[in-house]
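Subject: Structure handover

Hello,

The structure is below for your files.

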Amino acid sequence: MANHESSTKATSRATVAMSATFAIPQLYGKFQVTQDDAYDHASMRAKQLNALMQLMSDDGFEVFENLRVDTKRELMWFAQQLAEEVSTMIPIISANELPGKAELEVTA
């Protein structure tokens with residue numbers, strides 16, 4: 001009976017994790033994303049990061065180099081934020097990870 005009970009609890013936790021809303025920490029607070037939306041959000045941010053990095057490298061590098069130092073810092077900080085957001089989404093997207101391993105707050 002105890003095995004059936006613990007099996008049921010584990011199944012319930014996995015089910016909750018699949019439909020949970022996650023609070024993603026950011027510098028000025030948190031934003032919420034569901035597991036269903038995490039892939040789309042990560043994909044959007046990855047595309048934005050890719051576009052930003054293209055503007056800061058190759059042909060755009062000369063323009064980037066001629067920007068004011070504070071503007072370059074802000075662009076690098078923005079790129080870092082985008083990359084961090086994408087990496088935070090990976091455990092949510094992954095079917096093998098549970099919320100506790102990602103150190104994310106589940107807001108149910």
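Along the sequence, the protein runs α-β-β-α-α-α-β, giving four helices and three strands (DSSP runs numbered from the N terminus: helices are H or I of at least four residues, strands E of at least two). This is a predicted model, in which local features need pLDDT of at least 70 and side-chain atom pairs pLDDT 80 or more, while totals for chains, interfaces and linings use all residues. Residues are numbered from 1 along each chain as its sequence is written, and side-chain values use heavy atoms, without hydrogens and water.

Helix packing: the axes of α2 (residues 35–55) and α4 (residues 69–93) come within 9 Å and cross at roughly 150 degrees (lines fitted to C-alpha atoms over the stretch in contact; angles run from 0 to 180 degrees between N-to-C directions). The pair is therefore roughly antiparallel (over 145 degrees).

Cores: the largest nonpolar core has nine residues, namely Ala20, Phe22, Ile24, Phe31, Val33, Ala38, Ala42, Met89 and Ile92 (buried Ala, Val, Leu, Ile, Met, Phe, Trp, Tyr and Cys joined through side-chain atoms within 4.5 Å; buried is under 20% relative accessible area, 1.4 Å probe, protein chains only). β1 (21–26), β2 (29–34), α2 and α4 each give two or more residues to this core. Leaving aside neighbours within four places in sequence, Met89 is in contact (heavy atoms within 4.5 Å) with Ile24, Phe31, Val33, Ala38, His41 and Ala42.

Overall, 26% of the 108 residues are buried.

Regards

Terms used
Angles under 35 degrees count as roughly parallel, over 145 as roughly antiparallel, 65 to 115 as roughly perpendicular and the rest as oblique. Buried means under 20% relative accessible area, exposed over 50%, partly exposed in between (1.4 Å probe, protein chains only).
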